[in-house]
Amino acid sequence: MNYPKITKIIETRKEAKDTKTILFKDSVEIIPGQFFMIWIPGVDEIPMSVSYIDKDIKGITFRKIGDATKALYNLKKDDKIGIRGPYGNGFKINGKNILFVGGGTGIAMIAPAVEKASYEKITSTVVLGVKNKDELFFEKKLQKTGAKIFVATDDGSKGDKGFATDLAEKMLNEHKFDSVLTCGPEIMMKKLHSLCNNIPFQASLERYMKCGFGICGQCCIGKGLRVCKDGPVFDGETLKNIEEFGKYKRDASGKKIPL
Amino acid sequence: MDEDAGSMERITRCGAGGVVTKSIGLEPREGYPNPTVVELECGILNAMGLPNPGINNFEDEIKNLKKSNVPVIGSIFGSDKDGFVELGKKMQSYGADALELNMSCPHAKGYGLEIGSDPDLVREITKNVKKSTKIPVFVKISPNLANIVEIAKAAESAHANAIVAINTVKAMKIDLELRIPILSNKIGGYSGKAVKPIGVCCVCEIAKNVNIPIIGVGGITTGEDAIEYFMAGASAVQIGSGIHYRGVEIFEKICIEIESWMKDHNYNKISELIGVAHI
């Protein structure tokens, strides 16, 4: 049922500058790429992709950017939050050799997908893009999966200087991938989409959400695709027909705002 | 759905004969903070707070939608007659085929039900919108009224072309663990399966007392639900929450179910069913 279950935070972890993970007990099965609606009582309820998937424990990882994430950031062990979900479709992880590209907090959603690929003995290459080294997180967690990890920073403070898409383009030119999976700023994903040509592509989109289960229409894109229910992961073919992909989103009122 | 052209087009591709837009006001409105929608045992509780991009930003949505020739009913909400008139004129100029005056939202201060419970206001607003527009005008009324028949008659006397009944039923859910109402606005409106008998009753009462058509809404998820509304006196029906129970394809499914019920019971036209339950 689409009603929040109240649960206590069992642990919080600082992952990077302004970035935290919150862990809570939950035994529900998750496909990497799915999300929860997280209720911070008295503040807001926001969609958060699942970053930790363990049998009985789940987690979310986020950067404080708005009122809701700031409030969430300040919560401590034993504080109560409401969880409903999981929602959405998640990534389809198949092929023998996958390129993952995570940008900014999009890394949070990419991580469990890489872990799943590794569990299924799929060769994984991961490109992580952040502004600078202080914003990088999950590098060690991802190294443990055995995936090849490459980092790009805007200022060159770690890894390659430049965008994740520059690094990804190099990889695409040098290697053959069966599939490219990405989550991050939409402009990055749009560029990556254009680089992929005929390689199967999946991107996880983010839109302002209210209901999370496909009725309110707040997150609709293209010809009536609900990011919460028909997405948040869309394949390359579908994205070709979504005119706003990489161009605009909508605010809480439904007004278009450029990305 | 129905806040953007794309989703309204999808709904008609799924078999709806037309679409009613989200209620649009003069200015952009973000609505209430989340939680704004939750599901309860027998229905859906929401207090969206009339979020909408404002009438001027809605021009593009209607114009894009009209490219595919979809019949569009523009829903509007204002706080007085001048607001409704301006909204109605703009909706008409963008290409809407009819107007629905939202006088029944149970959880928005200064709008909706606060206007729709006063028969004089309902009459005055409807009359002025009718005078300043050419397209049909429907008045959507609330089940939370002691004088529902009086309100419907007020709309009829102002030459409304149809009554839409019902809007959501005023409701609240308190979370036991946190001991607070779950909705950020505390009070919301209940829709879905639980409200169908309320809607059927309201439609029946209105139908006995007015001579204009009624569009039945509230808890319809199957063809038989729609037929029940027809028997109560509705000439058409609207579906919203049903999308949750049966997917966006609900519209086509319900059309098929209506046809099959009519065939089994030897009816050729829906008009033969309208109001048959009135004794």
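Some ground rules. This is a predicted model, where local features need pLDDT of at least 70, side-chain atom pairs count only at pLDDT 80 or more, and totals for chains, interfaces and linings use all residues. Residues are numbered from 1 along each chain as its sequence is written, chains are lettered from A and ligands numbered from 1 in written order, and side-chain values use heavy atoms, without hydrogens and water.

Interface first. Contact means heavy atoms within 4.5 Å. On that basis, chain A puts in 35 residues and chain B 38 residues. The buried area is about 3100 Å², with 56% from carbon and sulfur atoms. That area is the accessible area (1.4 Å probe) lost on putting the two parts together, summed over both.

How many salt bridges cross the interface of chain A and chain B? Three. The rule wants a side-chain nitrogen of Lys or Arg within 4 Å of a carboxyl oxygen of Asp or Glu. One salt bridge joins Asp230(A) to Arg10(B), with the closest N and O atoms 2.8 Å apart. Lys223(A), Glu9(B) and Arg13(B) are linked in a salt-bridge network. Over all chains, the count is 26 salt bridges.

Now a helix. Helices are DSSP runs of H or I, at least four residues, numbered from the N terminus. Helix α3 of chain B covers residues 81–94. Its 14 residues reach 20 Å from first C-alpha to last, close to the expected 20 Å. The expected span is 1.5 Å times one less than the number of residues. Its buried residues include Phe84(B), Leu87(B) and Met91(B). Buried means under 20% relative accessible area, exposed over 50%, partly exposed in between (1.4 Å probe, protein chains only). Just after the helix, Gly95(B) has a positive phi of about 120 degrees.

Next, two salt bridges inside the chains. Lys63(B) meets Glu59(B) at 2.6 Å, N to O. Both sit in helix α2 of chain B, four residues apart, about one turn. An α-helix has 3.6 residues a turn, so residues three or four places apart point the same way.

Lys141(A) pairs with Glu115(A) at 3.2 Å between the closest N and O atoms. This pair links distant parts of the chain, helix α3 and helix α2 of chain A, 26 residues apart. Is Lys141(A) buried or exposed? Lys141(A) counts as buried because its relative accessibility is 15%. Glu115(A), at 27%, is partly exposed.

Definitions and conventions. Helices (H or I, at least four residues) and strands (E, at least two) are DSSP runs, numbered from the N terminus.
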